[in-house]
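Open the model in your viewer and keep the selection tool ready. Each stop below says what to select and what is there.

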Protein chains: 2
Amino acid sequence: MSKTPLILVTNDDGIFAPGIRVLVEEMKAFGKVLVVAPDKPQSAMGHAITIHSFLRLQRVELMEGVEAWSCNGTPVDCVKLAIYKLLGGSRPDLLVSGINHGANISINVLYSGTMSAAVEGAMEGIPSVGFSLMDHGIEAEFAHTRPVVRRVVANTLQHGMAQGICLNVNVPRADHGPLKGLRVCRQARANWEDEFETRLDPGGKEYYWLKGEFRSEDHGEDTDVWAVKHGFVSLVPVQYDMTAHHAIAALNTLDHAL
Amino acid sequence: MSKTPLILVTNDDGIFAPGIRVLVEEMKAFGKVLVVAPDKPQSAMGHAITIHSFLRLQRVELMEGVEAWSCNGTPVDCVKLAIYKLLGGSRPDLLVSGINHGANISINVLYSGTMSAAVEGAMEGIPSVGFSLMDHGIEAEFAHTRPVVRRVVANTLQHGMAQGICLNVNVPRADHGPLKGLRVCRQARANWEDEFETRLDPGGKEYYWLKGEFRSEDHGEDTDVWAVKHGFVSLVPVQYDMTAHHAIAALNTLDHAL
């Protein structure tokens with residue numbers, strides 16, 4: 001592409017999270033950067049949007065030469081506001097989301113605000129990539145994620161992206177050892193074995209905190225779970241067509257008379 | 001199945017919405033009913049879960065012979081609390097969500113709290129169905145949805161559901177005319193053409209309300225958009241494997257060296 005690409009950056013950990021700074025720094029080498037990100041942590045907000053309340057945007061100083069706005073809504077709200085409020089309906093050339101503090105492998109693509117922002121980008125016809133580091137810590141080491149971001153973004157700007165998809169990229173923790181490479185994967189079949197920790201408030205009334213353990217029984221070497229466990233970066237193409245096309249034929253054999 | 005089925009009912013419009021009453025009334029004929037639903041409207045919350053705050057459950061009187069709890073969280077929180085708190089980790093035989101006040105066709109499956117609850121059910125291995133009526137009104141007419149609910153639930157209890165999927169059922173408005181039948185469909189390719197209405201608060205500071213127009217350019221007669229437009233109930237099998245399997249081969253031709 002001949003003109004300077006416009007790159008929209010968002011995340012779900014909030015605009016002042018370390019991970020988004022890394023992404024913004026890297027994107028400055030690729031084009032003009034617009035940041036619209038939540039004003040507070042919005043992890044696990046999935047594809048939520050704000051319809052029962054209003055939204056605000058606040059200009060913030062994030063980094064020199066970068067236009068940055070914080071938003072009181074969800075990651076998907078940020079994408080919509082960027083396109084339909086700040087850009088007047090025109091589309092950026094690329095959307096990147098992250099770098100998330102924590103893994104978004106397997107079914108976590110559905111819970112993740114980071115990935116939902118990328119999915120929203122795909123719905124809007126924007127080549128979109130979500131990046132996640134498998135380290136929740138606020139002081140997580142991001143240096144080894146930079147070459148990954150550069151490679152995936154360069155490929156995306158050069159080759160574009162198929163209609164209807166976005167990319168889910170997960171990078172092992174720094175202390176896992178040198179990255180072994182990048183593998184294109186499928187989303188592993190896995191689930192959360194949840195638990196609620198019950199506590200009593202000062203008035204003696206119960207409340208619950210969600211705790212869960214991620215469990216994958218899917219040992220396929222073509223999965224994202226396998227890749228990151230073995231020191232590879234996983235890259236999963238994600239589509240927003242959730243139709244189980246393979247299930248249609250069997251459903252058509254049932255009696256659906258009303 | 002020989003024992004009385006246990007049926008979990010939830011929604012996203014809140015536990016006192018008319019739509020969930022219809023669903024609970026119908027479910028009483030099929031088995032033992034447990035209701036866990038949000039204490040306030042949670043439309044468009046997608047697959048959001050509550051991790052930065054705590055959850056509560058409150059026993060409520062909804063209908064005679066029915067155990068009902070309201071929850072301060074999202075629809076997906078309700079499903080998790082039902083399974084892991086109220087049922088001690090055991091699974092109900094069926095999960096039904098709705099009846100939603102408003103359509104959940106096409107890409108709205110991603111934004112919908114109603115459908116996200118059903119998707120969560122599928123993740124937990126529970127045969128799960130989301131029902132939606134294409135009428136947002138609080139006084140919407142639900143009588144014509146009852147035979148639809150009965151047919152789909154009877155089929156599901158009799159035949160079970162394939163692993164990894166749930167069903168998204170949308171019913172045209174009552175004033176659309178008599179239902180022409182039920183069609184198994186795929187999710188139409190469509191998008192929201194969004195807009196933000198800008199207002200000024202009393203202090204002169206801008207705020208924004210999301211407004212959007214749903215647009216489908218996909219005229220396939222096998223889509224949910226086509227079905228409901230032509231007076232049919234649409235039934236789309238939905239999967240939570242979001243991998244774009246068809247895109248993997250092309251991605252593998254790129255240079256991913258780090």
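**Stop 1: a strand pair in chain A.** Select A:His101. Opposite A:His101 stands A:Leu133, in strand S6 of chain A. Keep in mind that this is a predicted model. Now extend the selection to residues 94-101 and 128-133 of chain A. These are strands S5 and S6, and they pair in the parallel sense over five bridges.

**Stop 2: the whole sheet of chain A.** Widen the view to the sheet around that pair. The sheet is open and has nine strands, in the order S3-S4-S2-S1-S5-S6-S7-S11-S8, with mixed pairing. Go to its edges, S3 (57-60) and S8 (182-184) of chain A: each has a single partner strand, so one side of each is left without a neighbour in the sheet. Look along the strands next. Neighbouring strands are turned by 25° against each other on average, direction ignored.

Stop 3: Select residues 113-123 of chain A, helix H4. H4(A) packs on the sheet and touches S1 (6-10), S5, S6, S7 (165-171) and S11 (233-239) of chain A. The direction of H4(A) makes about 170° with that of S6(A).

**Stop 4: two packed helices in chain A.** Two packed helices are described by the angle between their axes and the distance between the axes. For H2(A) and H4(A), the angle is about 35° and the axes are 8 Å apart. Their crossing is right-handed. Which residues of H2(A) meet H4(A)? Show A:Pro75, A:Val76, A:Cys78 and A:Val79. On the H4(A) side, show A:Gly113, A:Thr114, A:Ser116, A:Ala117, A:Glu120 and A:Gly121. By class, this contact has five nonpolar residues, four polar and one charged.

**Stop 5: both chains.** Zoom out. Chain B superposes on chain A by a rotation of 180° with 0.0 Å of shift along the axis, at an RMSD of 0.0 Å. The two copies are thus related as by a two-fold rotation axis. Now select the interface. In it, 65 residues of chain B are in contact with 65 residues of chain A. Colour the chain B side by class: 41 residues are nonpolar, 16 polar and eight charged. Of the interface residues of chain B, 100% are also interface residues in chain A, so the copies meet through the same surface.

**Stop 6: the sheet of chain B.** In chain B, S5 (94-101) and S6 (128-133) pair in the parallel sense over five bridges. B:His101 stands opposite B:Leu133 in S6(B). H4(B) lies across S1, S5, S6, S7 (165-171) and S11 (233-239) of chain B and runs at about 170° to S6(B).

**Stop 7: two packed helices in chain B.** Keep H1(B) and select residues 146-159 of chain B, helix H5. How far apart are the axes of H1(B) and H5(B)? The axes lie 10 Å apart, and the packing angle is about 50°. H1(B) and H5(B) are therefore oblique to each other. The crossing is right-handed. Finish on the side chains: B:Val22, B:Leu23 and B:Glu26 in H1(B) meet B:Arg146, B:Val149 and B:Arg150 in H5(B). By class, that contact has three nonpolar, no polar and three charged residues.

Technical notes:
Residues numbered from 1 in each chain as written. Chains lettered and ligands numbered in written order. Predicted model: local features only at pLDDT ≥ 70, side-chain atom pairs only at ≥ 80, totals over all residues. Axes fitted to C-alpha atoms, helices over the stretch in contact; angles between N-to-C directions. Helix = DSSP H or I, 4+ residues; strand = E, 2+ residues; numbered from the N terminus. Parallel < 35°, antiparallel > 145°, perpendicular 65-115°, else oblique. Left-handed = near helix turned anticlockwise from the far one by under 90°. Contact = placed C-beta atoms within 7 Å. Nonpolar A, V, L, I, M, F, W, Y, C, P; charged D, E, K, R; others polar. Pairing = 2+ DSSP bridges. Least-squares fit on C-alpha atoms with pLDDT ≥ 70 in both.
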